[in-house]
Amino acid sequence: MTAKRAVYRSLVLAGLLHGSLALAGTPDEIRVPGEIPGAALHAEGAQIYECLRDAEHQLVWQAREPAAALMDGDNSVGRHYAALHWAAVDARTLVWEHKDGSSVKARIVARAAGRTGDDLPWLKFGVVTQTGNGLFYGVTHVQRINTQGGMARGPCTEPGAYRSVPYSADYVFWRAE
């Protein structure tokens with residue numbers, strides 16, 4: 001990570017944890033009114049796509065699952081993924097696990113465009129289950145913001161083929177006041 005990007009990310013995360021900057025830069029579609037940010041972690045990983053037919057029977061890259069490390073500064077503190085069982089992946093419901101044993105499983109409830117066409121959309125997730133008494137205890141919503149990369153480009157010609165696209169993002173974990 002470049003020094004400029006690290007400073008920028010630190011300022012954004014500090015703003016999120018203190019409220020005003022987060023509200024100023026977060027699209028209305030994914031805001032979490034009436035809640036407070038409990039934690040913010042950076043993620044580095046890949047968005048995995050599968051070549052499947054869409055409603056018009058055209059082959060397209062469809063998001064299958066993320067595979068990312070959750071970072072607190074330079075320390076890996078957890079992971080982010082979609083499912084434990086390969087056959088049961090649901091790209092709309094994702095999991096965040098912290099090394100302290102806490103975890104949340106959440107479903108996409110809103111989205112906003114990323115900064116560029118190559119960046120994954122910014123998302124708001126509603127938590128459906130939570131475990132453990134650690135960092136993720138009491139989390140009700142998760143936001144994915146500040147995405148870089150992650151969008152699949154190029155032709156999809158072989159049904160069932162996979163493509164892994166590197167991405168980074170910041171995840172903010174919200175709690176009810």
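**Note on the pocket and the disulfide**

1. In this predicted model, the largest pocket holds about 330 Å³ of space. A pocket here is an open set of points on a 1 Å grid over the protein atoms alone, where a 1.4 Å probe fits, with protein on both sides within 12 Å along at least five of seven lines. Its volume is the space filled by probe spheres set on the points.

2. Lining residues have an atom within 4 Å of a point. The largest pocket has 18 of them, and those closest to its centre are Gln 47, Ala 63, Ala 91, Ile 108 and Arg 111. By type, the lining comprises twelve nonpolar, two polar and four charged residues.

3. Strands (DSSP runs of E, at least two residues, numbered from the N terminus) contribute to this lining. E1 (35-53), E2 (59-72) and E5 (103-112) each supply at least two residues, and the largest share, five residues, comes from E2.

4. The structure holds one disulfide, a pair of cysteine sulfur atoms within 2.5 Å. Cys 51 is joined to Cys 156, with an S to S distance of 1.8 Å. Cys 51 belongs to strand E1, whereas Cys 156 sits in the loop between strand E7 (139-149) and strand E8 (162-176), 105 residues apart.

5. The torsion about the S-S bond of Cys 51 and Cys 156 is about 115°, so the disulfide is right-handed. Both Cys 51 and Cys 156 are buried (under 20% relative accessible area, 1.4 Å probe, protein chains only).

6. Residues are numbered from 1 along each chain as its sequence is written. Local features need pLDDT of at least 70 and side-chain atom pairs pLDDT 80 or more, while totals for chains, interfaces and linings use all residues; side-chain values use heavy atoms, without hydrogens and water.

Note on methods:
Helices (H or I, at least four residues) and strands (E, at least two) are DSSP runs, numbered from the N terminus. Ala, Val, Leu, Ile, Met, Phe, Trp, Tyr, Cys and Pro count as nonpolar, Asp, Glu, Lys and Arg as charged, and the others, Gly among them, as polar. Buried means under 20% relative accessible area, exposed over 50%, partly exposed in between (1.4 Å probe, protein chains only).
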